[in-house]
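Subject: Structure handover and notes

Dear colleague,

Please find below the structure I promised to pass on to you. My notes follow it, with the cut-offs spelled out where a term first comes up.

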Amino acid sequence: MLLQKIVAATVLTLLAARGAQASSFPVSLFVIDSGHGVRTPSGAPLNVGAVSPSGVSEAAINVRVSERVAALLRDQGARVVLTRSFVRPFRIAINLRRDNRSRAALANRLGATAFVAIHCDSSLDPARRGYSVFWLRENSLALARNMRAALSTLGLGESQFRQRDLAVTSEARVPAVLVELGFISNPAQAARLLSPSFQDVEAHAILRALKATFDF
Ligand SMILES: [Zn+2]
């Protein structure tokens, strides 16, 4: 209940801030959804995400890249809402499906320019590698293509690029993509994903894709 109040207050504050902007100068608003990191009210993990055999947690990488993307977007004058942050790396939820959908629903309620979910991939096959980009609706295709173009320059290889009915891509009505930044189960890719300089490279690639798609 407390969380709902906090979310509602945040939404109202954001809507008020948006309303204060001159309508002739719309400010882009991006919802950056750092994947995983959900606990129940008792503190038990509800959604920990992938963990590599060497103990690399994707949630930790996701939140670092998401924070970096948010900083780059804010530098460009865009507004950003992070579903998780360094300050609040864990969300509290009791229903995983509802939690997944609620993050995309937030982007809908805010009338966000776009919703970007940031994840890392994992496989039992340590040789599997590559980034992936998933989207569902037609209004997300341009963003998906630009994400692919930007991520394809990083030397990760491509795993998947396709329409996919995921909780967040299904719930989102605004342009929405889910990106997998590489495989943490692949030792070489895990080493890159853990490196702050490569996290920065990934964040810049995501920024390039957003700038190529939206006018801000
Ligand atoms: Zn994930």
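Just after α2, Gly77 takes a positive phi of about 90 degrees. Before going further, please note that this is a predicted model, in which local features need pLDDT of at least 70 and side-chain atom pairs count only at pLDDT 80 or more, while totals for chains, interfaces and linings use all residues. Residues are numbered from 1 along each chain as its sequence is written.

Overall content

The protein has 7 helices and 9 strands, where helices (H or I, at least four residues) and strands (E, at least two) are DSSP runs numbered from the N terminus. Of the 216 residues in the protein, 42% are buried; a residue is buried if 20 or more other C-beta atoms lie within 10 Å of its own, exposed if 12 or fewer, and partly exposed in between, with C-beta atoms placed from the backbone. Among the contacts with a separation of 6 or more, 80% are between residues 24 or more positions apart, a contact being two residues whose C-beta atoms, placed from the backbone, lie within 7 Å.

The sheets

An open sheet of 6 strands has the order β4-β1-β6-β9-β7-β8, with mixed pairing; two strands pair if DSSP finds at least two bridges between them. At its edges stand β4 (79–82) and β8 (158–163), each with a single partner strand, so one side of each is left without a neighbour in the sheet. Neighbouring strands of this sheet are turned by 15 degrees against each other on average, direction ignored, with axes taken as lines fitted to C-alpha atoms (for helices over the stretch in contact) and angles running from 0 to 180 degrees between N-to-C directions.

Within this sheet, β1 runs parallel to β4, to which it is joined by 4 bridges, and parallel to β6, with 5 bridges. Phe115 in turn stands opposite Ala176 in β9, and the strands β6 (residues 114–121) and β9 (residues 176–183) pair in the parallel sense over 6 bridges. Strand β1 is mostly covered, as 6 of its 6 residues are buried: Leu29, Val31 and Asp33 point one way, whereas Phe30, Ile32 and Ser34 point the other way.

There is also an open sheet of 3 strands, in the order β3-β2-β5 and with mixed pairing. Its edge strands are β3 (45–47) and β5 (91–92), each of which pairs on one side only. Strand β2 (residues 38–39) runs antiparallel to β3 and is joined to it by 2 bridges, and Arg39 has Pro45 as its bridge partner in β3.

The loop between β1 and β2 contains His36, which has a positive phi of about 80 degrees although it is not a glycine. Most residues other than glycine have a negative phi. His36 counts as buried because it has 25 C-beta neighbours inside 10 Å.

Helix α2 (residues 58–75) has 18 residues and reaches 26 Å from its first C-alpha to its last, close to the 26 Å expected at 1.5 Å a residue, the expected span being 1.5 Å times one less than the number of residues. Since 13 of its 18 residues are buried, α2 is largely enclosed by the rest of the structure. It lies across β1 (29–34), β4, β6 and β9, running at about 145 degrees to β6.

Helix α2 packs against α7 (residues 196–213) at an angle of about 50 degrees, with their axes 9 Å apart. The two helices are therefore oblique to each other (angles under 35 degrees count as roughly parallel, over 145 as roughly antiparallel, 65 to 115 as roughly perpendicular and the rest as oblique). The residues making the contact include Ile61, Arg64 and Val65 of α2, and Gln199, Asp200 and Glu202 of α7.

The buried residues of α7 include Gln199, Glu202, Ala203 and Ile206, and what covers the buried residues of this helix includes β1, α2, β6, α4 (141–151) and β9.

Best regards
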